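Student: I have a chain open on my screen. Could you go through it with me?

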Amino acid sequence: MAYECWHCKADCVFTAQDQKHSFEVQNAKINQHRRLCTAMLRGLEPHSQRAA
Ligand SMILES: [Zn+2]
């Protein structure tokens with residue numbers, strides 16, 4: 001499932017592994033309406049990339 005991070009606009013692919021992670025960490029709340037890049041899902045530094 002390809003998507004764009006709602007926060008940093010990074011192009012991402014939501015994998016089954018990421019989905020499992022987000023369920024475990026965020027209880028799937030964000031996935032309902034907002035999708036973060038995998039880096040953010042994992043609590044890493046956000047991308048500096050921004051849409052103009
Ligand atoms: Zn992001």
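Student: What pattern does the chain follow along the sequence?
Tutor: Read along the sequence, the pattern is β-β-α-α-α. In total, the chain has three helices and two strands. Helices (H or I, at least four residues) and strands (E, at least two) are DSSP runs, numbered from the N terminus. This is a predicted model, in which local features need pLDDT of at least 70 and side-chain atom pairs count only at pLDDT 80 or more, while totals for chains, interfaces and linings use all residues. Residues are numbered from 1 along each chain as its sequence is written.

Student: What pLDDT does the chain average?
Tutor: The average is 70, and 52% of the residues score at least 70. The term pLDDT denotes the predictor's confidence in each residue, from 0 to 100.

Student: Which elements have the lowest and the highest mean pLDDT?
Tutor: Helix 2 (residues 29-33) has the lowest, with a mean of 52. Strand 1 has the highest, with a mean of 85.

Student: New topic: how many of the residues count as buried?
Tutor: Of the 52 residues of the chain, 13% count as buried. A residue is buried if 20 or more other C-beta atoms lie within 10 Å of its own, exposed if 12 or fewer, and partly exposed in between; the C-beta atoms are placed from the backbone.

Student: Where is Ala10, and why does Ala10 count as buried?
Tutor: Ala10 is in the loop between strand 1 (2-4) and strand 2 (11-13). Ala10 counts as buried because it has 20 C-beta neighbours inside 10 Å.

Student: And Lys9, buried or partly exposed?
Tutor: Lys9 counts as partly exposed, because it has 14 C-beta neighbours inside 10 Å. Lys9 is also found in the loop between strand 1 and strand 2. Its phi is positive, about 65°, although Lys9 is not a glycine.

Student: What about Leu36, where is that?
Tutor: Leu36 lies in the loop between helix 2 and helix 3 (38-41). With 22 C-beta neighbours inside 10 Å, Leu36 counts as buried.

Student: How far apart are Leu36 and Trp6 in sequence and in space?
Tutor: They are 30 residues apart in sequence and 5.9 Å apart in space, C-alpha to C-alpha. For Ala10 and Ala39, the separation is 29 residues in sequence and 9.9 Å in space, again C-alpha to C-alpha.

Student: Last one: is Met1 buried or exposed?
Tutor: Met1 counts as exposed, because it has 10 C-beta neighbours inside 10 Å. Met1 is found in the segment before strand 1.
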